[in-house]
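Please keep the sequence and the structure at hand while reading.

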Amino acid sequence: MTDLHQKKCPTQEPNSEESFHLIIDAMMVELEKDGRFLPSDFWRDINKKNLDMITAEGLYNFKRTVSQNYYNWLITRVRDPQFRKALVYWLFHPSLRPLRTEIEGDICLRFTTRADAVVLSAFQRLKYKIFVALVWEQMLKHDKYGFSNTLSEPEIGNPIKIWQGKKLITQDLANSILECNVIVGTLKNIKKPKIAEVGAGSGRLAHVYTSTQQGSYFIFDIPPALMVSQWYLSKVFPTKKLFLFRPFDNFEAVRQELDSCDIAFFTANQMTLFPEKYFDLILSISTLPEMRPDQVSLYLDLFGQLSSGYIYLKQWISWINPLDGTDIKIEDYLMRGSWDLVLDRIDPINPRFFNRVWQDKDRKLET
């Protein structure tokens, strides 16, 4: 690893493989300050493969590489629980929109499960197109705030291109719109909230929130995902005020910048530098079972300390992580202290995930 302790942290755009790895190294130097936040065995394995894919294909193609192991699912089997649920919903709520959906002709993807690239067959493209179109239909039912009326998937990152008319739709965008509905419904009485997301992947949810809402969005992650989200959101929002990742030891030294920024990026260990009750809402999606058991406890405790109002989790109902010995079930997600469960449901799109929101009892009394 490059020794960056004596070098200025490179926050410029990673316009070459060398600068990309310099930024990754700088993030790792910061993360290594607190070993509790270092990648689990599960993510150590995934991250190495992700770095290889980004090196091979570049950041401009990340939606065809690393995004396939963040939360996007290449589902082409009708027996898959997500596909089956989406199909049943459409059969009871028929619409012609899925039948009018189109998909591009050539799709080449990379996955962590194999070294070579995968080219989808015509039949696989057809099934994936149908799946995404049906998921979009499910999302429309739950899009209370109408984000889908104005949003389209950004072409930055080279997503799998599926169109309904002129609108570019994706599985990522459908899920993010649903998640943003939960956030906005939870924070409806707060004008400019401070939101923290732990493990943001590519920043897909931050894209939807920042496109439609006021407030500040803070991302805490490990590289290379932190590098991907910083690069992506910098491209998607060139006029927004961003706080790019950098090391700091004193929160007061950056407080003024953070109070006026739109999106900010931090390594996971930098959460410990923030004052108690700083955020209005802390959320995490499909992350905790992929960590070590001690990390799960650490993060849940931090969520409780740093949120002044709400905690939103979207996680596997049950998933075993054999590399780290983590086996967390839905009943194991408990918030210590003064937290009331105010939302508890199975995810509208993915039946293997739950959605839960806790509210601080003190905030509840105030409202």
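Which Phe and Tyr residues form one aromatic cluster? The cluster consists of Phe218, Phe220, Phe243, Phe248, Phe251, Phe266, Phe274, Tyr278 and Phe279. The model is a predicted one, in which local features need pLDDT of at least 70 and side-chain atom pairs count only at pLDDT 80 or more, whereas totals for chains, interfaces and linings use all residues. Residues are numbered from 1 along each chain as its sequence is written, and side-chain values use heavy atoms, with hydrogens and water left out.

**Aromatic pairs and the core**

Rings of Phe, Tyr and Trp (for Trp, the six-membered ring) are paired if their centres lie within 6.5 Å, and planes under 30 degrees apart count as stacked, over 60 as edge-to-face and the rest as tilted. By this rule there are 34 aromatic pairs. One of them joins Phe83 and Phe131, whose ring centres are 5.6 Å apart and whose planes stand at 40°, so this pair is tilted. The pair links distant parts of the chain, since Phe83 belongs to helix α3 (residues 81–92) and Phe131 to helix α4 (residues 122–142), 48 residues apart. Helices (H or I, at least four residues) and strands (E, at least two) are DSSP runs, numbered from the N terminus. Phe83 is buried at 4% relative accessibility, and Phe131 is likewise buried, at 0%; here buried means under 20% relative accessible area, exposed over 50% and partly exposed in between, with a 1.4 Å probe and protein chains only. In the pair of Trp316 and Trp319, the ring centres are 6.2 Å apart and the planes lie at 25°, so the pair is stacked. Trp316 is buried, with a relative accessible area of 10%, while Trp319 is partly exposed at 21%.

A nonpolar core is a set of buried Ala, Val, Leu, Ile, Met, Phe, Trp, Tyr and Cys residues joined through side-chain atoms within 4.5 Å. The largest such core has 115 residues, among which Phe218, Leu258, Phe274 and Phe303 touch the most other members. Phe274, which is also in the aromatic cluster, is in contact (heavy atoms within 4.5 Å) with Phe218, Phe220, Phe248, Phe251, Leu258, Phe266, Phe279 and Leu306, when residues up to four places away in sequence are not counted.

**Pocket and cavities**

Rolling a probe the size of a water molecule over the atoms shows where empty space is left. On a 1 Å grid over the protein atoms alone, a cavity is a set of points where a 1.4 Å probe fits but cannot get out, and a pocket is an open set with protein on both sides within 12 Å along at least five of seven lines; lining residues have an atom within 4 Å of a point. Grid points are joined across faces, edges and corners, and a volume is the space filled by probe spheres set on the points. By this rule there are three cavities of 30 Å³ or more.

| Space | Volume | Residues nearest the centre |
|---|---|---|
| Largest pocket | about 600 Å³ | Gln68, Asn69, Asn72, Trp73, Thr112 |
| Largest cavity | about 400 Å³ | Trp43, Gly199, Asp221, Thr287, Glu290 |
| Second largest cavity | about 100 Å³ | Lys63, Asn72, Pro159, Ile160, Thr170 |

Helix α2 (residues 41–57) gives the most to the lining of the largest pocket, with three residues. That lining has 11 nonpolar, seven polar and four charged residues, where Ala, Val, Leu, Ile, Met, Phe, Trp, Tyr, Cys and Pro count as nonpolar, Asp, Glu, Lys and Arg as charged, and the others, Gly among them, as polar. The lining of the largest cavity has 16 nonpolar, nine polar and five charged residues, and that of the second largest cavity has six nonpolar, five polar and three charged.

**Individual positions**

Ser202, in the loop between β6 (194–198) and α6, is buried at 4% relative accessibility and touches Phe62, Ser67, Tyr70, Val228, Ser229 and Tyr232, leaving out residues up to four places away in sequence. Gln214, in the loop between α6 (204–212) and β7 (216–221), is exposed, with a relative accessible area of 52%. The C-alpha atoms of Gln214 and Pro193 are 7.5 Å apart, although 21 residues separate them along the chain.
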